[in-house]
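Subject: Structure handover

Hello,

Please find below the structure that I am passing on to you. My notes on it follow.

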Amino acid sequence: PSSCTFHFVRAVGLPAGESTLTTLGDALAQLKSFADSTSDPKAVNASLHDDILPTVSASISADEQVTRASQFSAKVSNLRSLVSLVPSDTVNLINKSADFPIRVRNDLAWDVNVTVTINPSDPRLKVRQSAITTIPARTVTAVNVPVSAIGSGDIEVTYQINTADGTLLTISDDILVRMRAGWEDAFTITVAIAFGLLFVIGLVRSVRKRRAGREEEENK
């Protein structure tokens, strides 16, 4: 995209410095990657199209071109920020296998296709598969990422969103996860013991009732 920008500017006879072209080219590359992930790439590109030519206008100085290129880059960043991660509190994980819920906000006027994943700081938590999904326009959607937990302990994770072509869109701050995967086994054992005790108690009562019935018949 930087090369395309350079040839476009030269073709229409607009002077632009290398710094301007680099900034503009990088911004256009980000815009294209983002737009291609939406339900209407043409509309997304068109939303910022009118801001390109003023950046390399021959009537402004090289310094002003650099400033405007930076402003265009900021507009692209602002557009991309309309797809974001909803802040998360501490997460408690008590199952060995679970769907890890991550909320994604899409404030765009278009649907967007993204890949959502988790980056654990500890190998005791493994991501079985990243979630590839479509976030509808102007919604907050819960995306489930399947994970496997081994053992117990407190770890930190980050949530990450990529565009459809794998370009990083955003990443969250560190989030605390309290893993208590062993509790699942303890709960299962406890329930099994409880049912076993109930069965034994029921069996003892049944035997006692039969004995009592026999003794009554013998005493008659």
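Which residues does Val-104 touch, not counting residues up to four places away in sequence? They are Val-83, Ser-84, Leu-85, Val-116, Ile-135, Thr-139, Val-140, Thr-141, Val-143 and Ile-161, where a contact means heavy atoms within 4.5 Å.

Before the rest, some conventions. This is a predicted model, in which local features need pLDDT of at least 70 and side-chain atom pairs count only at pLDDT 80 or more, while totals for chains, interfaces and linings use all residues. Residues are numbered from 1 along each chain as its sequence is written, and side-chain values use heavy atoms, with hydrogens and water left out.

The chain as a whole

The chain has five helices and ten strands; these are DSSP runs numbered from the N terminus, with helices (H or I) of at least four residues and strands (E) of at least two. Of its 220 residues, 32% count as buried, meaning under 20% relative accessible area with a 1.4 Å probe, protein chains only (exposed is over 50%, partly exposed in between). Among contacts between residues at least 6 apart in sequence, 66% join residues at least 24 apart.

The core

The largest nonpolar core contains 41 residues. Such a core is a set of buried Ala, Val, Leu, Ile, Met, Phe, Trp, Tyr and Cys residues joined through side-chain atoms within 4.5 Å. Phe-72, Phe-100, Ile-102, Val-104 and Tyr-159 have the most contacts inside it. Helix 2 (residues 18-35) gives the most to this core, with six residues.

Phe-100 and Tyr-159 are both buried, and they form an edge-to-face aromatic pair, at 5.9 Å centre to centre and 75° between the planes. Rings of Phe, Tyr and Trp (its six-membered ring) pair if their centres lie within 6.5 Å; planes under 30 degrees apart are stacked, over 60 edge-to-face, and the rest tilted. Because Phe-100 lies in strand 3 (residues 97-106) and Tyr-159 in strand 8, the pair ties together parts that are 59 residues apart in sequence.

Strand 8

Strand 8 (residues 152-163) is largely enclosed by the rest of the structure, because nine of its twelve residues are buried. Two strands pair if DSSP finds at least two bridges between them. Strand 8 pairs antiparallel with strand 4 (residues 112-120) over seven bridges, and Val-157 stands opposite Pro-120. Six bridges join strand 8 to strand 10 (residues 175-180), also antiparallel; here Gly-153 has Met-179 as its bridge partner.

Regards
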